[in-house]
There are 2 protein chains.
Amino acid sequence: MWFKPLKPVNLRFIAPLNMKITKDLYHSSLTLLTDYYQFTMAYAYWKAGKAEEEAIFNLFFRKNPFQSGFTIAAGLDYVIDYCRNMKFGENDLAFLAEMKEANGEKVFESGFIDYLKNMTFSCDIDAVEEGEVVFPNMPMVRVKGPLIQCQLLETPLLNIINFQTLIATKAARIVLAANGDPVMEFGLRRAQGIDGALAASRASYIGGCASTSNVMAAKLFGIPVSGTHAHSWIMSFDDELSAFESYAETFPDNTTLLVDTYDIVQGVKHAIEVAEKLKERGKELKGIRIDSGDLAYFSNLARKMLNEAGFPNVKIVASNDLDEHIITSLKMQEASIDVWGVGTKLVTAYDQPALGAVYKLSALKSKDGDWVPKIKLSQQSIKINIPGYHNVLRYTSKGKAIADMIYLEGMEKSDTVTIIDPIDPTRRKKISVDNAEVEVLLKPIFSKGEKIYDRPSIQQIRQRTQDRLAIFDKTHKRLINPHIYPVGLEANLYEYRTALVLKAKAMDNGN
Amino acid sequence: MWFKPLKPVNLRFIAPLNMKITKDLYHSSLTLLTDYYQFTMAYAYWKAGKAEEEAIFNLFFRKNPFQSGFTIAAGLDYVIDYCRNMKFGENDLAFLAEMKEANGEKVFESGFIDYLKNMTFSCDIDAVEEGEVVFPNMPMVRVKGPLIQCQLLETPLLNIINFQTLIATKAARIVLAANGDPVMEFGLRRAQGIDGALAASRASYIGGCASTSNVMAAKLFGIPVSGTHAHSWIMSFDDELSAFESYAETFPDNTTLLVDTYDIVQGVKHAIEVAEKLKERGKELKGIRIDSGDLAYFSNLARKMLNEAGFPNVKIVASNDLDEHIITSLKMQEASIDVWGVGTKLVTAYDQPALGAVYKLSALKSKDGDWVPKIKLSQQSIKINIPGYHNVLRYTSKGKAIADMIYLEGMEKSDTVTIIDPIDPTRRKKISVDNAEVEVLLKPIFSKGEKIYDRPSIQQIRQRTQDRLAIFDKTHKRLINPHIYPVGLEANLYEYRTALVLKAKAMDNGN
């Protein structure tokens, strides 16, 4: 690969910074980073003696983003940090203690503030690993523990997982469209806030980008960094050629010249002059970058000019509001583009800037120690949750994924299983277990509040994305109108859910 | 106003946290939160002896977002924090010092690292205040200072201003649509990252929202907080009525009940039962919330049921993917909604999740001490910048804004001025200065690196938004196809720019 982004080399400076979310962030713990209604509910649970009832909540989404056929999980590393630091600071408690209703009365009794002060994270968390390929309705994170803790975790977990999963998925789609060409992420200036940028750089790398422009993200996460120069560099000189020559003088081994400050054709001519001077010194111009105009037309024209001047190895980098669809179109037009720079459309997930993952109570332990399944109804079937204490299996055959099954924990083994689409029960698939290999997708992350999971490096996560995408048929990875990968409820879970829905509807009508 | 969001009362806990962006954020300074090419350019400026040439950069956008007729400035408070903390930490310098090219050579000489170590922020910054109404092409932030510092600031300033301005504008539009009803922001779970949420809560409040659900934002920024309960509260009980009763027991003075967990009509009936029990105790049910289904149909049905039961004062809160257009539609349908809850569509600016503000070099001081104007050409006229050392005047007459004018600093006074649209020069407007009052919109924020601006409180900023919007004719504030407010170049600046463009084009063609 021509494109060699700079790698941060000194890992000793990265290691102590890897605790990305700390109690010092914003001079505050992040334990208040949740919706106020989590506290009013927490208080009401506490008052009702329900705070420590054991609950199971599942985090899942209902539709792949971008009309994609798949989604890439990301954000778990932040979740781990969040949970390990889930502890109210004095500031936090004082803030809550001083909250007043309109009538001047304090909202929370001091006993509740003491309860929060002594609260220690003690949940079990099972989750799909980052870089995993995931689908609608399956749990991505399952939290089991005291009702009050599960409830407080709802909002931060959704904030973290929704965004990073969205961006990792967008990046994976763009990287698929680039079809082997390097994709550089440089969205910092248009990202949604500081962490919107940092977390997006991380998730973009997980999704397959080759580098980021964000130096802080490079330092914090150990991501390769890349970049050349801006129009302002050119404008700070009296003319373009002087600006090019000065830049090449500073970086004789790594110069990519932005050719569109004044006129692209003139810019390419000037770049060729610089390439000739570098050649006399035994050096090579690395590339040129085009950031405006018709990228198909001008990249082909620039390629022709560079080739005719004897510089077939000078690469062409293109940028300007690129996404997977524009890259696909430019590829079909046989544009001469070797490296793709993407920013806004990637880091904001421009065409769908939010993943709608939700976090729903699915079971509550009774006083007898049994799990009581919980269901929420809705006028829209898609919004009815999956009740019970469940998990996900992925079936593969000869190294290819064939179906994912959501099942109740403790399910008995059988030779064949049938999965049923929760929305359209006429969509069913029989799986012959004999011929299939199977993997449980939810991995243990925390047990009773203790982390029991070894965090992989970001490079390992990025590799997992590629390895896992490889086991899916290419029809599921098509950017438009993908073939739907089968994911369903195990037949017993389907029946169990149906019975619960009917029972809840009957209760509702007062029967 | 019925709706009284809780106010954080204990300001002593807010004050020390107001330094929102600090060197402890992420255990790191934020000085590396910039594009890598800013460092390669900085290095090349330093090598070329240009690092301390005095430059002027302007931050501006080219189009109002959301096809709006106006934009609300936000983010300056973060920019002030950023600049005051613009200092490389040891970690940062060590990271840069260790960066290596593919051939193993260090990218930066140690002399440059020393230069960065000693660098102290020393720029002049002038900016429009937060909450100001702004328009395309006018400078929102003008940075004057050493070329190298101006350059390093490009990316963080864009990141901060682009996002907060985008969200404040979206919020202002939603608040306009709500036409006096309170708008609650609760987007944390779908926001783009942690700071994407916090900064969005801040900007939403600036734009006119009444409260946030984000407890941490409430604490950090002093924003009112609000919230009630979720579906999980209901599901954690055996039946809805018990859940409602238990919640009302805990919050007899402030209960709003979510009625759509199972069936909305049944939910309203249960809410009425609770309202009757509260009434027996001399208390009032505050409201009900509907979060799904047809909001027009069900809000009117619920209103009718509540009124017939003798509860005309119970308010109806609606939520579910609301934005300014859906709120307008519900208002036109005479839906019985008193309070609006908005989340995803607001905090991600769903229909346009990025503002495309740019930051362009407009002048460079020559060795003789003269400002040399700088221009960037483009095939698209809209992308040609405005050169020179310029500022913005707003003309008002009888308390109504009549036009904004971009002009060169030091312009001579005259009785009438003509402003010319930079994109369509046939659009001109003569302003009779005698009848107009005038205000310079760029206010001094930093002088030679020293802050000379008193930061207003967030409540003052929110009030400014309302006061400033009030001076614009309602046709500019229309949500669809607004009347375009006149903003242009002063005639001399227009001629100056045209001459520079023609000169640059001539140079380009080798003439």
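Glu53(B) and Lys50(B) meet through their side chains in a salt bridge, at 3.5 Å from N to O; the term covers a side-chain nitrogen of Lys or Arg within 4 Å of a carboxyl oxygen of Asp or Glu. Lys50(B) has 8% relative accessibility and counts as buried, while Glu53(B), at 24%, counts as partly exposed. Here buried means under 20% relative accessible area, exposed over 50%, and partly exposed in between, with a 1.4 Å probe and protein chains only.

A word on the ground rules: this is a predicted model, in which local features need pLDDT of at least 70 and side-chain atom pairs count only at pLDDT 80 or more, whereas totals for chains, interfaces and linings use all residues. Residues are numbered from 1 along each chain as its sequence is written, chains are lettered from A and ligands numbered from 1 in the order in which they are written, and side-chain values use heavy atoms, with hydrogens and water left out.

Over all chains, the salt bridge count comes to 64. Here are three of these pairs side by side.

| Salt bridge | Closest N to O distance |
|---|---|
| Lys331(A) and Asp181(A) | 2.6 Å |

In the pair from Lys331(A) to Asp181(A), the closest N and O atoms are 2.6 Å apart. This pair links distant parts of the chain, 150 residues apart: Lys331(A) sits in helix 12 (residues 324–332) of chain A, and Asp181(A) in the loop between helix 5 (147–178) and strand 6 (183–185) of chain A. Helices (H or I, at least four residues) and strands (E, at least two) are DSSP runs, numbered from the N terminus. Lys331(A) is partly exposed at 29% relative accessibility. Glu98(A), at 22%, is also classed as partly exposed, and Lys100(A) gets that label at 27%.

Across residues 32–162 of chain A, the chain is 41% helix and 16% strand, with its end C-alpha atoms 19 Å apart.

How do the copies relate? Chain B can be laid on chain A with an RMSD of 0.0 Å by a turn of 180° and a shift of 0.0 Å along the axis, superposed by least squares on the C-alpha atoms of residues with pLDDT of at least 70 in both. The two copies are thus related as by a two-fold rotation axis.
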